[in-house]
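Dear colleague,

I am writing to hand over a structure for your attention. Please find it below, followed by an account of what was found in it.

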Amino acid sequence: MSAQEIVLQTKNVGKYFYDPEKFRVLNNISIQANKGEFLTLIGKSGSGKSTLLYLLSTMDTDYDGEIFIDDIKVTGMHQNQLAALRNEKIGFVFQFHYLLPEFSCLKNVMIPALRLGNYTRKEIEERAYKKLEMLGLKDQALKPASKLSGGQQQRVAIARALINDPKIIMGDEPTGNLDSKNTQIVFDIFKQLTREFGQTIVAVTHDNDFAEHSDRTIVMQDGVIIDQNFKVS
Amino acid sequence: MKPKHKHNISSEISISYIVTKKKLTMIAALGVTLGIAIFVFMNSMMKGFDRTSTEGIFKTVPHIRLFKDDETSKPLAQQIQKGEETVIVNPRIVPENNVLVNPNSLIALLQHQDQVTVVTPQVNTNVFYNSGKSQISGLSTGVNIAEADRMFNIRSYVVEGNMDDLKSVQNGILLVVGIAQKMNVRTGDNITITSSRNVIKVMKVVGLFRTNNSVTDKSRSYINISLAQQLLQKNSSYITDINVNVTEFDNAADYAARFSKLTGYKAEDWKAANETLMAAGKMRKIIITLISFSILLVAGFGIYNILNMTISQKINDIAILKAMGFKGGDVIRIFVQQALIIGMIGLAIGLLLATVLVNVLAHVYVGGDIGYFPIRFEPSMYARGFLFGFIITFFAGYIPARKAADVDPVSIFRK
């Protein structure tokens, strides 16, 4: 790839946990992620990889050091500014789908775009249909989210993460609850997003197989990075 | 950057929460319905009571009464310094007439004050109504009947005869029904009255009236003011009271203070003249306000409950919405809106129910001085009920909503 464009960067990020006692959970984390990169974070539980992801997500603001997203320094920004930034630039996929069960799949996908308000409702609906189609769920669009299978729900959640064409998609064990077939589907989608749309993926995972096929894997242990460019052998 | 299109996704979410909890929503709304209905109903009732009570008072009491108060004698010398000789004083009421000096100019002066509607002189005299050997003591009020009618609306209490005849019949008397029955007289008959100065006059009954106040109905009569002066053996400038009505009777005390300063005589407002009634009214007001507010508050707790429940059930939704870029204010809007929708349903039905209650009670006959239950449709109470209902609903939503806005999404996702 030619000239790398950095979309996510941390400088000497560290964090304490205070409960049950003061504890340095992250120390001196400096990483960066490029445009179109499929980045995975692995490490044993307690290594601080999820904690780091939530710092990157801007939802956890209690840290030292600096974080830049799309060349914007997010450290020190107000909660409402961060919310607006997440709305526009970051998509989230969690282990659990977190769909609103009362709403149809289509409506669930539309919510972030309705919040952002860059398009008319009709346009948003069309875009949501397109995202669902890309994930092979077009015929499920009008069903209530609670009526779908786990794999389908997770794909709806991905479609929702994509609706505002975010720069970065963050995943916390995005395949953690899926069988191997659905894991493969999700993996392929992520790959496609990075290759075709130049979106950046940062995902925490336990799944070595999943990490192996990503572009780059960062390994963490006891709150520090032990390998920035790990290859599962 | 401002969004190009405003989509009200918050209200869609709050409506979906209401739709999925129809039963609980209806119960919470029912709480508001009852609360608001009883609030409006009780306050309308109180207003009705107050109105009946003031109407009863204004049958015989003017808004402001100007009279010469008894004066106590003042010592000629002030108390001397300690150690020096002491002057012993024994203050007494100054033996003076309770007469207003130059009443006509006083009347003219008062008539030119702002917001004064009626000014009329009055002379009260204790009399005996005689019939054969039997005598009944009572109070005869000498008035200018046209002015007095404008003040006390005497015409509406006349049950027999014609009030206006008092203008043409110099020795006419408008007699209260209770006396007329005891004396066995009717309109057109004559009745003899004796004053405290032992002046005896034969009066012609021009009409009978009834105030429904048992004390008044056993003693009172209206006569021409000149006749009252004759009964007291006084000349035509003898006036004991000047009655004044103003446009805003609730502010009578202010006017009274002003008139007192203006004329140098004591001006007493109707509230001061009826302190016991006023105190009773005040207690009634405190109790009813307290009860009706408590009921409304309880309705607010119903909404507060359902919202707390929704929030704890939907904590995952809140977390993901916040992750996806909903601001604290957006989250608050979702739940405040939910509270307001429940509240508005309750308010609408509650105000209807209050109307029904008021209508039903207004047709209940309670008898006595009152007749039908003194309640009627009070728009101001509806406005007040709506306002307080709205405020309580808002806070019943806002307090839990603020908690929801403070949810830390990370703590939910990491569970």
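Predicted model: local features only at pLDDT ≥ 70, side-chain atom pairs only at ≥ 80, totals over all residues.

Residues are numbered from 1 along each chain as its sequence is written, and chains are lettered from A and ligands numbered from 1 in the order in which they are written.

The contact draws 27 residues from chain A and 22 residues from chain B (two residues are in contact if their C-beta atoms, placed from the backbone, lie within 7 Å). On the side of chain B that touches chain A, at least two residues come from each of α1 (9–19), α11 (315–323) and α14 (409–413) of chain B. Helices (H or I, at least four residues) and strands (E, at least two) are DSSP runs, numbered from the N terminus. The largest share of that side, five residues, belongs to α11(B).

In chain A, six strands make up an open sheet with mixed pairing, in the order β7-β8-β9-β4-β10-β11; two strands pair if DSSP finds at least two bridges between them. Its edge strands, β7 (90–94) and β11 (224–230) of chain A, each pair on one side only. Five bridges join β7(A) to β8 (residues 168–172) of chain A in the parallel sense. A:Phe92 has A:Met170, in β8(A), as its bridge partner.

Yours sincerely
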